[in-house]
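Have the viewer open and follow along.

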Amino acid sequence: MNLFDVYPLYDVTPVSARGIEVVDDQGQTYLDFYGGHAVISIGHSHPHYVNRIKTQLDKIGFYSNSIKNPIQEELADKLGKLSGCLDYQLFLCNSGAEANENALKMASFHTRKSKVIAFDNSFHGRTSAAVAATDNPAINAPINKQQIVTFLPLNDFDAFEKAIQSEDNCAVILEAIQGVGGLDEPSTEFYQFVAEKCKENGVVLIADEVQSGFGRSGKFFAFQHHGIQPDIISIAKGMGNGFPVGGILIHNSIEASYGLLGTTFGGNHLACVATLAVLEVLENESLITNAHELGEYFKEKAKHISQVKKIKGRGLMLGLEFDFEVAELRKNLIYKQHLFTGGSKNKKLLRILPALNITKEHIDVLFEALTKELT
Ligand SMILES: Cc1ncc(COP(=O)(O)O)c(C=O)c1O
């Protein structure tokens, strides 16, 4: 049987990885500044993470959500404390798209309405309502187009004010730093305006923190740079450091009832310990502070590269914009300099999404390689 051919692949076959280093089947080592698309948060195969999962697997790996699972409660408790989001309830699922799907569904249940407001260049995943709220017609099948979504430019106060007044809105969904779209951000004034208008109009504000959450932006959640409080927060990616896990934090003002949401695999024992291990390492190794400090170091170094037209992002969710498309540069970085980097919808943007425990020396290597490739 052939694989369903949906991914253009780089010709590299990783067979092992540790920290920020990835080794391929030829014995070549690469430095990973992409983190498998912002997923690797505490470094590949972190010993604490490996040990936590192995130990759990020896006890029990899975049972369905029809039994008690105290590890879920331990996780909710730890996540609340570390993120500062104490007034929320946790629902666990398996991916970012699923998190947003559940977030949108909850918003619709809660308001009994169905329209969604999203933003230009947004990416929220590939499932039904999540993909409909994603600004990319090419990945929306006819079946997804039944969902009514209004797309607005980021930071356009007038357009937002007009759209939020429509009677049928259930949710506004917003990335505090756009990932796939190319690292554009709402201004603090705009995000606060959105939050205020959502409250006024009884519309649920969903913060999509799938990519920017779990410390990547230099705060636990990227919306925390703007002093707002969303109704629902969606999480995945860095949460499991590679273990497929996602979730939503639902504000206490939204009540649960049996059957509203459900999943077979979500919140299983292995997913919970993987996430707990990530939280423990983030805390014990001060990785959120490291993400902030290393992001500042990166930005300082980037100022000295004359070809860089714009430096975007926060913490270790970063982008360098050039006045040329970066596809060739990324190929040279991977094949000649042995560095993984990322691209985005903005073809002139090089994305940098490393594990949060990288060092200044790693960033120096990246800039030496960039300088070589650009001169
Ligand atoms: C902001 C954001 N939301 C949702 C998703 C979808 O996550 P997943 O691929 O786990 O379904 C992504 C994936 O890139 C993302 O960046």
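## Where the domains touch

Between the two domains, 25 residues of domain 1 are in contact with 29 residues of domain 2; contact here means that the C-beta atoms of two residues, placed from the backbone, lie within 7 Å. On the domain 1 side, at least two residues each come from α1 (35-38), α9, β11 (310-314) and β12 (317-321). Helix α9 gives the most to that side, with five residues. Helices (H or I, at least four residues) and strands (E, at least two) are DSSP runs, numbered from the N terminus.

By class, the side of domain 1 that touches domain 2 has 11 nonpolar, 11 polar and three charged residues. For these classes, Ala, Val, Leu, Ile, Met, Phe, Trp, Tyr, Cys and Pro count as nonpolar, Asp, Glu, Lys and Arg as charged, and the others, Gly among them, as polar.

## Ground rules and domain layout

You're looking at a predicted model, where local features need pLDDT of at least 70 and side-chain atom pairs count only at pLDDT 80 or more, while totals for chains, interfaces and linings use all residues. Residue numbers start from 1 along each chain as its sequence is written.

The chain splits into domain 1 (14-46 + 287-374) and domain 2 (47-284), with bounds that come from an automatic or database domain assignment. Taken over C-alpha atoms, the centres of domain 1 and domain 2 are 25 Å apart.

## Around the ligand

Which residues come nearest to the ligand? Of the 15 around it, they are S95, G96, A97, G125 and V210. A residue counts as near if its C-beta atom, placed from the backbone, lies within 6 Å of the molecule.

Helix α4 (residues 96-111) gives the most to this shell, with three residues. The shell as a whole has five nonpolar, eight polar and two charged residues.

## α9 against α11

Helix α9 (residues 287-302) and helix α11 (residues 360-374) have axes that come within 10 Å and cross at roughly 25 degrees. The axes are lines fitted to C-alpha atoms, for helices over the stretch in contact, and angles run from 0 to 180 degrees between N-to-C directions. So α9 is roughly parallel to α11; angles under 35 degrees count as roughly parallel, over 145 as roughly antiparallel, 65 to 115 as roughly perpendicular and the rest as oblique.

From α9, L294, Y297, F298 and K301 meet K360, I363 and F367 of α11. That contact has five nonpolar, no polar and two charged residues.

## α2 against α8

Helix α2 (residues 47-59) and helix α8 (residues 269-284) pack at about 155 degrees, with their axes 9 Å apart. Therefore α2 and α8 run roughly antiparallel to each other.

Residues H48, Y49, R52, I53, Q56 and L57 in α2 meet a set in α8 including V273, A274, A277 and V281. The α2 contact with α8 comes to 10 nonpolar, three polar and two charged residues.

## α6 against α7

For helix α6 (residues 157-164) and helix α7 (residues 188-201), the angle is about 15 degrees and the axes are 10 Å apart. That makes α6 roughly parallel to α7.

F157, F160, E161 and I164 in α6 meet F190, F193, V194, K197 and N201 in α7. Sorted by class, the contact of α6 with α7 has six nonpolar, one polar and two charged residues.
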